[in-house]
Amino acid sequence: MTNFVGVDHFNIDELLTEEQKLIRNTVRRFVDEEVMPIIKDAFEAGRFPKELIPKIAALGLLGATLKEYGGAGIDSISYGLAMQELERGDTAIRSFCSVQNGLVIYPIYTFGSKEQKDYWLPKLMRGEAVGCFGLTEPEHGSDPGAMDTVAERDGDSFVLNGVKSWITNATLADVAVVWAKLDGVVRGFLVEKGTPGFTAVKIEHKMSARASDTGELYLNNCRIPKENMLPGAEGLRAPLMCLNQGRYAIAWGAIGAAMACYTEVVEYAKQRIQFDKPIASFQLVQEKLADMLTEITKAQLLCLRLGQLRDAGTIKPAQISLAKRNNVAMALQIARMARDLLGANGITLDYQTIRHMLNLESVYTLEGTHHIQTLILGQDITGISAFK
Ligand SMILES: Cc1cc2nc3c(=O)[nH]c(=O)nc-3n(C[C@H](O)[C@H](O)[C@H](O)COP(=O)(O)OP(=O)(O)OC[C@H]3O[C@@H](n4cnc5c(N)ncnc54)[C@H](O)[C@@H]3O)c2cc1C
């Protein structure tokens, strides 16, 4: 397995601290040694490689930005670089990690009771428990505020009814953060695996994010103790705050997928001979490579600044949306161009580009589609909501 050297046309490494480079390089090596040898087969088999979970936890990547509960308290750029490297391996690995962090650990830490935090955070951060985030429903994706899932108070319990769909880590999860309406207001509930009335079912036949565990959550008169409601989460703003954590990780992750496709196709183009010359010598091919490198470089600089804003505590949701929107569209475009330049070879899993290209179709849709990020930006620019 060759070691990935990254893409750094603007010497961006000079802007990184030693610690940021160390974290990036450590995760890069992990991906080279542990992810790359198995990911093609996992993707083809539609299997999440859960044997990697203890190794991801040992790297300190679960709850990495928290200083409490044994977290390493790494800065936002280090976290972003780690997500970039994981997605350079595969979307499934980055998704596992960023869902556990931004959509499970984050809401429990931010909205949970002391008892909920003390019980779940150490387990989730050590990788001894996996979590998932149930917001989307079969009939309500981009408009989660219209959700049908309901919670009703019954004595010392809540009783949940509804279906959540397209949930990452669904069948792996020991705990699901389920969003449901209680008296018409969106609230968050912790539902443990094995609770009567709660089942998770894998979604089969995906052609994208195949190595990711994606499923449906069924809540059928599912009774949970009243203590399992997240006390600090009231209204749709709470899950949307979680999605901003996820979108931040995706903005960085998309750079990793783009770098994987770009580096693969540069090597290929230098070696592939047509008309007695390497295809890299043709102007049309060079133009595509130049476009790819330019877009990757712009995305890297965007994320670097995004990370600074996040650490400064001044980051705005619309800035995260801009980065998610730009970087995922950029990565998808690069994957498609790279697939073209790989010719027929580009349609097999022997090259990683098609895997990334297919994965990026999901990333374009999840945690707010490209359109939804556009509308968030549109509202930020004009002050006018165009959602309805
Ligand atoms: C692999 C994968 C993993 C996922 N993981 C999770 C998870 O862990 N937890 C979770 O809760 N969800 C998850 N999702 C669901 C994801 O967040 C939703 O798919 C997404 O929000 C879009 O919803 P939808 O698929 O219902 O599409 P729809 O909302 O039906 O959208 C269909 C199309 O209509 C467009 N559209 C909708 N409304 C508007 C509008 N107002 N203006 C313009 N265009 C509009 C959309 O942009 C899109 O192009 C995952 C999805 C995938 C594919």
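**Helices, domains and a ligand shell**

Guide: Welcome! α4 and α6 are roughly antiparallel to each other (over 145 degrees). This is a predicted model, in which local features need pLDDT of at least 70 and side-chain atom pairs count only at pLDDT 80 or more, while totals for chains, interfaces and linings use all residues. Residues are numbered from 1 along each chain as its sequence is written.

Visitor: At roughly what angle do the axes of α4 and α6 cross?

Guide: Axes here are lines fitted to C-alpha atoms over the stretch in contact, with angles from 0 to 180 degrees between N-to-C directions. Helices are DSSP runs of H or I with at least four residues, and strands are runs of E with at least two, numbered from the N terminus. α4 passes α6 in a right-handed crossing (the near helix is turned clockwise from the far one by less than a right angle). The axes of α4 and α6 (residues 237–271) come within 9 Å, and the crossing angle is roughly 155°.

Visitor: How do the residues of the contact of α4 with α6 divide by class?

Guide: Contact needs C-beta atoms, placed from the backbone, within 7 Å. The α4 side includes R94, Y106 and F111, and it meets α6 residues including A238, C242 and G253. With Ala, Val, Leu, Ile, Met, Phe, Trp, Tyr, Cys and Pro as nonpolar, Asp, Glu, Lys and Arg as charged, and the others, Gly among them, as polar, this contact has 8 nonpolar, 7 polar and 1 charged.

Visitor: Which element gives the largest share of the side of domain 1 that touches domain 2?

Guide: An automatic or database assignment divides the chain into domain 1 (12–125), domain 2 (131–234) and domain 3 (238–382). The C-alpha centres of domain 1 and domain 2 are 23 Å apart, and 26 residues of domain 1 contact 21 residues of domain 2. On the domain 1 side, α1 (18–45), α4 (91–111) and α5 (114–125) give two or more residues. The largest share, 11 residues, comes from α4.

Visitor: How far apart are the axes of α7 and α8?

Guide: α7 (residues 283–312) and α8 (residues 317–341) pack at about 155°, so they are roughly antiparallel. α7 passes α8 in a left-handed crossing. Among the contact residues are M292 and L302 of α7 and N326 and M330 of α8, and by class the contact has 13 nonpolar, 3 polar and 2 charged residues. The distance between these two axes is 10 Å.

Visitor: Within what distance do the axes of α8 and α9 come?

Guide: α8 and α9 (residues 353–365) cross at roughly 150°, and they are therefore roughly antiparallel. Their crossing is left-handed. The contact includes L332 and R336 of α8 and M357 and L360 of α9, and its residues divide into 10 nonpolar, 2 polar and 2 charged. The axes of α8 and α9 come within 9 Å.

Visitor: Which domains does the shell around the ligand lie between?

Guide: Of the 23 residues around the ligand, L135, G141, S142, T369 and H371 come nearest (a residue is near if its C-beta atom, placed from the backbone, lies within 6 Å). β1 (131–134), β3 (157–168), α9 and α10 (370–382) each supply at least two shell residues. By class, the shell has 11 nonpolar, 11 polar and 1 charged residues. Two domains both give residues to the shell, so it lies between domain 2 and domain 3.

Notes:
Parallel < 35°, antiparallel > 145°, perpendicular 65-115°, else oblique. Contact = placed C-beta atoms within 7 Å.
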